[in-house]
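Have a look at the fold below.

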Amino acid sequence: MTELKDYIITEKLKKIAQLQREFSKRVVERPLDVDSIETVGAVDVSYRENTAVSALVVCTFPDCEVLEARTTKARATFPYIPTYFFLRETRPVLLVAKNADFDVLLVEGHGRAHPRGYGLASHIGLVLKKPVIGVAKRPLRGVPEGLYKKVGKAYVSVGHLVDLKSAAGVVGALGGSYPKPLKLADKLSKVRT
């Protein structure tokens, strides 16, 4: 029975991997006018047992004065599986980002810098139809360096409706070793767990 269950899970993951490859073709990479950005949002999710706590912080850009901060809780419905992170995080991220107003969103996760070219940041960008930048603490194994840029301690990648140069410019303009809005979102998500 365990072998059958493992086989079914493996087959489902293969189908999801194929969907990621197909969806990656929908990602739009284009320059973003960094000078026109007034607000930046950042979202992160923390977990305690089966509960996901997602936090969104919206700041002025580039000085990062907090304009809005919110959290939501949801039941975690999918386990963590490497390179399938978007399955676990999409619902909590969308719940907290619903109706939020920002010019660009930073997501704690990869976008194009993913073995199948489609990580959490790309998925959120396609769903929200807004510019999204992937920011992570380390690159994924096997991803070519040309798909991400190291800015301070952050590994920046294209999510959607932004190119890599613009994405790195936005993160760089926020200063510090890691983008302050993401640090604030991370801290807020852990306070509420």
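V43 sits opposite V107, a residue of strand 4. Strand 1 and strand 4 run parallel and are joined by four bridges; two strands count as paired if DSSP finds at least two bridges between them. Strands (E, at least two residues) and helices (H or I, at least four) are DSSP runs, numbered from the N terminus.

A quick word on the source: this is a predicted model, where local features need pLDDT of at least 70 and side-chain atom pairs count only at pLDDT 80 or more, while totals for chains, interfaces and linings use all residues. Residues are numbered from 1 along each chain as its sequence is written, and side-chain values use heavy atoms, leaving out hydrogens and water.

Seven strands make up an open sheet with mixed pairing, in the order 3-2-1-4-5-7-6. Strand 3 and strand 6 are at the edges with a single partner strand each, so one side of each has no neighbour in the sheet.

Now for the nonpolar cores: sets of buried Ala, Val, Leu, Ile, Met, Phe, Trp, Tyr and Cys residues joined through side-chain atoms within 4.5 Å, where buried means under 20% relative accessible area (1.4 Å probe, protein chains only).

| Core | Size | Some members |
|---|---|---|
| Largest nonpolar core | 30 residues | including L106, I133 and V135 |
| Another core, apart from it | 20 residues | among them L56, Y84, L120 and I124 |

In the largest core, L106, I133 and V135 have the most contacts inside it. Helix 4 gives the most to this core, with five residues.

How values were computed. Buried means under 20% relative accessible area, exposed over 50%, partly exposed in between (1.4 Å probe, protein chains only).
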